[in-house]
Amino acid sequence: MYGKAAICLTFVILFLISCSIYVGTIDLRSYFFPLLQSPPVSRSVCATDRPLRVYMYDLPRKFHVGMLGRRSSVEEGDENAPITMENFPPWPSTSGIKRQHSVEYWLMASLLYDGDGDEDREAVRVSDPEAADAFFVPFFSSLSFNTHGHNMTDPETEIDRKLQVELLEFLRQSKYYQRSGGRDHVIPMTHPNAFRFLRQQLNASVLVVVDFGRYPKTMSSLSKDVVAPYVHVVDTFIDDNPPDPYESRSTLLFFRGNTVRKDEGKIRVKLAKLLSGIDDVHYEKSVATPNNIKMSTKGMRLSKFCLHPAGDTPSSCRLFDAIVSHCVPVIVSDKIELPYEDEIDYSEFSIFFSMKEALEPGYLVNQLRQFPKDRWTQMWKRLKNISHHYEFQYPPKKEDAVNMLWRQVKHKLPGVQLAVHRSRRLKVPDWWRRRR
């Protein structure tokens, strides 16, 4: 009798253990076969507070600083000599309006910097690609367009195209680019015509753009790409501490710039007709020369509001000139996307009008005249507090534009990892990409 009971009890115990193993509550393999255990899953980079680890490709100088038009301490003609913090040339002071598209330069500079203050940096360069969270491609695609055939009809345009072809060949030979399909590669393209010949072939990478005006939805989107500010061309307003900031700015609304633009930018000509002849509104057609930039600097600092209509694309450098001038931006653009918008609320220091509202006679100016002084003062204070996020500088500083952009890249990496992992296991075409 006791023997039968023992046999039944043993059977029940074995049955319960078998069920536990089957559903996963007990893992005997971890006790008896520890070497068969799966390796621990690595934590996402966004789950840590450490800086983003970036591997930067060593490209020949013709892809980046060779276009700056000046010698560095590296001997001239040594095209393949490595670029270091010591021989990295400064951005040319005579570059004029080209500076607004120099984001690529400052991103590269931040990775070359190996000075103190790593705890304040969002990204650090690593020499081992196996240790990298992301890969930076130091091709100055915007400067290449501005340098090689800016008018798009010059024979020099062929140089820009050839550089794009060579870069694409280089990347396709990289096992790290092949491994992810380029998804974890960061490529700046801030000029609307940057990489215009072959950009569609890089549509999987993290692109650094200023807006999506020239990019089809199949190529670029907020889900994977980073929106960067233009590099401001006016000087930052440092000593902006008047007793009454509102009254110290005598002009209600200021605009100075090119009025002949494409697409949404055609609104500039219409606004010129609506705003002409108003005493405290300054709306002037101008081109970017050193003297005109100085006059724009002065005008913005003396104005309560600075008008920012769309340019050839939904955005323009003027918005960021206004921010560092502490002039409350008045944004007229139906399709604009803004930098760092997951961290910064632009409604705290900017005013937005639709294209339709802006073209209603008298509406825009009347709204600004009725804008409460105390609310304007709050916006002015907010501009002073956040303007450092739009400063591109070397060495980089905590929370400046470069560090903010690297943090944006870091925010994109979970989506990158998701895409890479899914692509490795899919056996059929991705159903999410099919039209429904």
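**Exercise 1. Find what share of the 436 residues in the protein chain is buried, and describe the chain as a whole.**

Step 1. Apply the cut-offs, by which a residue is buried under 20% relative accessible area, exposed over 50% and partly exposed in between, with a 1.4 Å probe and protein chains only; buried residues then make up 49% of the 436 residues in the protein chain.

Step 2. Keep the origin of the values in mind: this is a predicted model, in which local features need pLDDT of at least 70 and side-chain atom pairs count only at pLDDT 80 or more, while totals for chains, interfaces and linings use all residues. Residues are numbered from 1 along each chain as its sequence is written, and side-chain values use heavy atoms, with hydrogens and water left out.

Step 3. Take contact to mean heavy atoms within 4.5 Å; among the chain's contacts between residues at least 6 apart in sequence, 67% join residues at least 24 apart.

**Exercise 2. Locate the disulfide in the structure and describe its surroundings.**

Step 1. With a disulfide defined as a pair of cysteine sulfur atoms within 2.5 Å, a search of the whole structure finds 1, and this disulfide joins Cys 306 to Cys 327 with an S to S distance of 2.1 Å.

Step 2. Cys 306 lies in strand E9 and Cys 327 in the loop between H10 and E10, so the pair ties together parts that are 21 residues apart in sequence.

Step 3. The torsion about the S-S bond of Cys 306 and Cys 327 is about 105°, and the disulfide is therefore right-handed.

Step 4. Cys 306 is buried at a relative accessible area of 2%, and Cys 327 likewise counts as buried, at 0%.

**Exercise 3. Work out how strand E10 is covered and which strands it pairs with.**

Step 1. E10 is mostly covered, since 5 of its 5 residues are buried.

Step 2. In a regular strand the side chains alternate between the two faces of the sheet. In E10, Val 328, Val 330 and Val 332 point one way, whereas Pro 329 and Ile 331 point the other way.

Step 3. Two strands pair if DSSP finds at least two bridges between them; E9 and E10 pair in the parallel sense over 5 bridges, and Pro 329 is the bridge partner in E10 of Cys 306.

Step 4. E10 also pairs with E11, in the parallel sense over 3 bridges, where Val 332 stands opposite Phe 353.

**Exercise 4. Identify the elements that the buried residues of helix H13 pack against.**

Step 1. H13 (residues 373-386) has 14 residues and reaches 20 Å from its first C-alpha to its last, close to the 20 Å expected at 1.5 Å a residue, where the expected span is 1.5 Å times one less than the number of residues.

Step 2. The buried residues of H13 are Trp 376, Thr 377, Met 379, Trp 380, Leu 383 and Ile 386.

Step 3. These residues pack against helix H7 (245-248), strand E9 (303-309), helix H10 (318-324), strand E10 (328-332) and strand E11 (351-353).

Notes
Helices (H or I, at least four residues) and strands (E, at least two) are DSSP runs, numbered from the N terminus.
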